[in-house]
Amino acid sequence: MKMGIAEALRKAIHDEMARDERVFCIGEDIGIPGGYGGAFTVTLGLEKDFRERVIDTPISEIGIFGAACGAALMGMRPIADVQYGDFLLCCMDQVVNQIAKLRYMSGGKLTMPVVMRAPVGVTGRGAQHAQCLEPFFLPCPGIKIVAPATAYDACGLLRAAVRDDDPVLIFEHKLLYGSKGPRAESGTLDASSDIPDEDYIVPIGKGILRREGSDVTLVAGLLMMHFSLMAARMLEEEGISCEVIDPRTLWPLDLGLILDSVMKTGRLVTVEESPKQGGIGAEIACRVAERIPDYLLAPVTRIAAPNTPAPFAPVMEKYYVPQPERIRDVVKTLVEES
Amino acid sequence: MRGMDKGKVIADIGAQKAVEMYRRMVEIREFEERVRYLFLEGKMPGTIHQYIGMEACAVGVCSVLTESDVIASTHRPNGHAIARGIPMKEIMAELYGKRTGCCGGKGGAMHIGDLSRGMIPAIAIVGGNLPIIMGVALAFKLRGEKRVAVSFFGDGASNEGAFHEALNMASVYEVPAIFVCENNQYGASTSIKRVLRIENIADRAAAYGMRGDIVDGMDVFTVYAHTKEAVDIARNGGGPTLLELKTFRLCGHSRRDPNNYMTEEEKKEWKKLDPILLSEKVLLEKGLLDEVEIERIHKETESLVSEAIEYGQKSPEPLPEDTLKGLYVNMEVPQ
C-alpha cells in the first residue's frame, strides 16, 4: 500500500508496539486526544490503541530523554522524540553524556535500547527550527545515526532501530513527511513508497544506490537525495551520467558502497543541508581521499549550506538550501573541468 | 525536622540491623581514608571525591531498600556503592583501573556501580541522574512493579535544569522515585548560601506538588526512618518524595582540596556531629554495642579494606585494545 513517510512511520511504530510491549513512545503533543500526533502527525491516533504507552510530556527535553535512558536501563524500549531537531540541543547531556556513554562506562554490562527521533530541515520557520543536526552526533561514539529519505526506508529503519539494542538517532526531514490535513508542510516533496504488509527491516549500516551512472558519484541524504536525483535528471539531458547514493545510515557509514562507486566514476560530490565544516560531506570526503586517492580525477567537491544560520525570507532560504539547479551547475562544472 | 522517637526507630530497625548499619558506615570511612592516602602517595590513578562525614546518608537510605530497587549516584559514589553492597574489592579494582573492577576499568572513580546489584554506574554530570531515575521509576510504574528508584544528588545539583524537569515529571506521572538531596552545604567551593535564596531545598518540592521532607543527615537511624516513610509511600503508589538530608563533607571536594573556603568554626561544629561517633554513642547507650565489639568491627574493617587494596593492586590491567570493546551490542567499533 502506498504511504508517505509520516504514515509509514506511524505504521512501523504501531506494529512495533503491538509486537513488543516493552516499546513505548514519549514526547510532547504526541498522544493528546484531538491533537496532532506530534508536530508532524507521525503518532496521530496511536494513543487509541496504546494509551499507557504513548506518553505526553511537559516541555522538558532533558526529562524526555533522561526518562528514555532510565526506562531503557530497566529493559523497556522507548521511542523518544523532540518536536524539532534543534531541540536536541536542549538535552545534549542526556543524549551524549548519558545515553551514548553509559554502556561503555559500565564495562559493556548495560544496554541502552533507545530510539530517538528528530525532524530536521529548513521550512520557513527561522533559524531555531531549521537546523540539520546530523554532524553534531558523528563524534558521539555509541549512537547509531540514520536518515531515511523514503517511506520504505523510514518504516524499515524505524523497525530496525527499535529492535537494535544500541541507541539509534533517526533524523527525519520535515519536507518529506507527506503529512496531510492542517499539518501539511508547504514545499513538501513526494517521498512515498509502496509499503509491504509483511514485516521487513532496512538494515542499519547499509546505503543504497538510487541511480546508476558513470561520470560522477553524488552522495546525499534526506531532502538533498531527492534534489540530487532531480539534478541528475537535468544533467542526463546534457550528457552527464550521475550515480546517486543515499547513505541511509550516517554512522556507521556504508563506505564500501561509496568507494565502489567512486572507483568507477572517479568523481565524488557530497550534498548536505548543513554548512561544510565538520559536516557529513567532510567526513565522507576524507575517508574516500584516504582510501582511494589515485582513483580521483578531481578533488572531492562538497555542496552545502553557507556558513550562516538558516535565514527566513524565501529568497534567502532558496539561497541557503542547495537547490537542484545549484547541484546541477556544480556537477556540470566539475565534470567539464576534469 | 519532625522529631522521631529514637528508641522506637531503633527498635523497628532491629538490633542486628542497627549494628550492621554502624559497621557499614565504619567500612565507608575506612575505605575512603585509605583511598585518600593511596591517592596522595601517588599510588592510584585518576581522581577521587570522598564521602567522609556523609556516611549516615548512604547507609540510612540504602538500608531501607530491597535487592530489586535501583539507585543512581554522583561523582562522589563510594559511600553509595558500599552501602548498596557492591564488594569493596570490585570498587577498589575499578579505582585502580583494573580489569576486575566493577566496570572493567572502563568507568573509573566517578562511574562506580553495578546494575545487577541495584546501582547504575554513577553519573558524574551534576544533576544528570535525576531524569534517569525518573525514567527508571516510570518503567516500574508502566510494568506495575513494586520497586523504587532512588536518586542521590547534592545541594548544587538542585540548581540544575535537570532537577526541575525530573521532579516535575516524576510528580506529574506519580512515579515511585525518591530524590535524596545530600545537602552538604557546598557545591565544590561554593557555599549553598551564595546560590540559594531559600533555606531548605526540600521546600522546592511544593513547587512540583510533591512531598518534601527535611532530615538530619548526620543521624543514620533518623535517615533510615524518614527514608522508610518515603519508600513505603512510593512503593504503594503514593508517588515521589524529595528528601533533603542536612549533612557535611568532613573532607575536601576532590583530590588535593584542603577546603580553605570553609571556616575553621564550621568544620569544628560539624565534626562534633560525626555520624559514626553519633551512632556509636546511641548504640552504646542502648546496650547494642560495647567497646569490645566496636574494636572488633574496626579491626575487621581494616582487614577488609586491606584485602580490597591488595586485590586492586594485584588484579590484572585491562589490555590496551580492550578500549575498543563493550561499546555496541552487535557491532565492532568502526575504525
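This is a predicted model: local features need pLDDT of at least 70, side-chain atom pairs count only at pLDDT 80 or more; totals for chains, interfaces and linings use all residues.

Biologist: Start with α9(A) and α10(A). How do their axes cross, and within what distance do they come?

Modeller: Helix α9 of chain A covers residues 255-265, and helix α10 of chain A covers residues 280-291. Their axes come within 11 Å and cross at roughly 60°.

Biologist: Staying in chain A, how many residues of strand β14 are buried?

Modeller: 4 of its 5 residues, so strand β14(A), residues 301-305, is mostly covered.

Biologist: What joins β13(A) to β14(A)?

Modeller: 4 bridges, and the two strands run parallel. Strand β13 of chain A spans residues 268-275. V271(A) stands opposite I303(A) in β14(A).

Biologist: Now E337(A). Buried or exposed?

Modeller: E337(A) counts as exposed, because its relative accessibility is 67%, and the cut-off for exposed is over 50%. E337(A) lies in helix α12 of chain A, residues 324-337.

Biologist: And how far apart are E337(A) and L297(A)?

Modeller: In sequence, 40 residues. In space, 10.0 Å from C-alpha to C-alpha.

Biologist: Switching to chain B. What is the strand order in the open sheet?

Modeller: The 6 strands of chain B go β2-β1-β3-β4-β8-β7, with parallel pairing. The edge strands are β2(B), residues 119-120, and β7(B), residues 211-216. Each of these pairs on one side only.

Biologist: How many bridges join β7(B) to β8(B)?

Modeller: 6 bridges, and these strands run parallel. Strand β8(B) covers residues 241-246. The bridge partner of V215(B) in β8(B) is L245(B).

Biologist: Which strands does helix α3(B) touch when it packs on the sheet?

Modeller: Helix α3(B), residues 55-62, touches β1, β3, β4 and β8 of chain B. Its direction makes about 170° with that of β3(B).

Biologist: And α6(B), which strands does that helix touch?

Modeller: Helix α6(B), residues 129-142, packs on the sheet and touches β1, β2, β3 and β4 of chain B. The direction of α6(B) makes about 170° with that of β3(B).

How values were computed: Residues are numbered from 1 along each chain as its sequence is written. Chains are lettered from A and ligands numbered from 1 in the order in which they are written. Side-chain values use heavy atoms; hydrogens and water are left out. Axes are lines fitted to C-alpha atoms, for helices over the stretch in contact, and angles run from 0 to 180 degrees between N-to-C directions. Two strands pair if DSSP finds at least two bridges between them. Contact means heavy atoms within 4.5 Å. Buried means under 20% relative accessible area, exposed over 50%, partly exposed in between (1.4 Å probe, protein chains only).
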